[in-house]
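This briefing is meant for someone meeting the structure for the first time. Please look over the sequence and the model shown here before reading the points that follow.

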Amino acid sequence: QVQLVESGGGLVQTGGSLRLSCAASGRTFSAFTMGWFRQAPGKEREFVAAISWSGGRTYYADSVKGRFTISRDNAKNTVYLQMNSLKPEDTAVYYCAASSAAYSSGSRYPSAYDYWGQGTQVTVSS
């Protein structure tokens with residue numbers, strides 16, 4: 001079993017920044033593709049970003065390209081999401097997820113992920 005614990009959410013003004021962290025335990029972290037998703041009230045769960053187990057490949061939703069950066073530190077069993085130039089539309093609960101499958105185009109979809117964190121709230125004020 002893999003356990004994921006997210007942190008770093010909070011309230012920020014438009015244009016501000018937040019850095020989310022997701023700490024993993026229970027298995028070898030480097031063997032997992034990692035992703036971030038978000039869900040706003042009344043909306044579907046939405047893909048944000050993914051990173052391969054080596055960190056060599058990344059993928060971003062069009063809505064966050066150029067503003068968000070996903071990274072990982074396998075020595076610390078942690079994945080990060082640096083969020084810059086935040087907009088009110090970014091307001092959502094953000095979820096960290098882990099997949100035992102290798103990074104692929106399918107990593108954009110929730111069904112590719114085996115484990116999920118509890119979520120952390122990000123609120124961007126106008």
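This is a predicted model: local features need pLDDT of at least 70, side-chain atom pairs count only at pLDDT 80 or more; totals for chains, interfaces and linings use all residues.

Two strands are said to pair if DSSP finds at least two bridges between them.

**The four-stranded sheet**

- Four strands make up an open sheet in the order β1-β3-β8-β7, and their pairing is antiparallel.
- The edges of this sheet are held by β1 (3-7) and β7 (68-73), and because each has a single partner strand, one side of each is left without a neighbour in the sheet.
- From one strand to the next, the twist averages 15°.
- Strands of a sheet pair through backbone hydrogen bonds, either parallel or antiparallel.
- Between β7 and strand β8 (residues 78-83), which run antiparallel, there are six bridges, and within this part of the sheet I70 stands opposite L81 in β8.

**β5 and its two hairpins**

- Strand β5 (residues 46-51) is largely enclosed by the rest of the structure, because five of its six residues are buried.
- On the β4 side, F37 has F47 in β5 as its bridge partner, and the hairpin of β4 and β5 has six residues between the strands, with G42 taking a positive phi near 75°.
- The hairpin formed by β5 and β6 has six residues between its strands, and G55 in the turn has a positive phi of about 85°.

**The disulfide**

- The structure holds one disulfide, which joins C22 to C96 with an S to S distance of 2.1 Å.
- Because C22 lies in strand β3 and C96 in strand β9 (residues 92-99), the pair ties together parts that are 74 residues apart in sequence.
- The torsion about the S-S bond of C22 and C96 is about -80°, and the disulfide is therefore left-handed.
- C22 is buried, with a relative accessible area of 0%, and C96 is likewise buried, with a relative accessible area of 0%.

**The nonpolar core**

- The largest nonpolar core has 35 residues, and those with the most contacts inside it are L4, M34, W36, L81, M83 and Y94.
- At least two residues of this core come from each of β3, β4, β5, β7, β8, β9 and β11 (120-125).
- Leaving aside residues up to four places away in sequence, L81 touches a set of residues that includes L18, L20, W36, V48, I70 and Y94.

- Although L18 and N84 are 66 residues apart along the chain, their C-alpha atoms are separated by 6.7 Å.
- Beyond residues up to four places away in sequence, L18 touches G8, G10, V12, L81, Q82, M83, L86 and V122.
- R38 has its place in strand β4, and at 5% relative accessibility R38 counts as buried.
- The side chain of R38 makes a polar contact with the side chain of D90 at 2.9 Å, and a polar contact of 2.9 Å also joins the side chains of R38 and Y94.
- With residues up to four places away in sequence set aside, R38 touches, among others, E44, E46, V48, F68, E89, D90 and Y94.

**Positive phi in two loops**

- Most residues other than glycine have a negative phi, and most peptide bonds are trans.
- N77 is not a glycine and yet has a positive phi of about 55°; N77 is placed in the loop between β7 and β8, and at 26% relative accessibility N77 counts as partly exposed.
- S85, also a residue other than glycine, has a positive phi near 50°; S85 is found in the loop between β8 and β9, and at 40% relative accessibility S85 counts as partly exposed.

Terms used:
Residues are numbered from 1 along each chain as its sequence is written. Side-chain values use heavy atoms; hydrogens and water are left out. Contact means heavy atoms within 4.5 Å. Axes are lines fitted to C-alpha atoms, for helices over the stretch in contact, and angles run from 0 to 180 degrees between N-to-C directions. Buried means under 20% relative accessible area, exposed over 50%, partly exposed in between (1.4 Å probe, protein chains only). A disulfide is a pair of cysteine sulfur atoms within 2.5 Å. A nonpolar core is a set of buried Ala, Val, Leu, Ile, Met, Phe, Trp, Tyr and Cys residues joined through side-chain atoms within 4.5 Å. A polar contact is a pair of N or O atoms within 3.5 Å; within protein, one must be able to donate a hydrogen and the other to accept it, and residues adjacent in sequence count only if both atoms are side-chain atoms.
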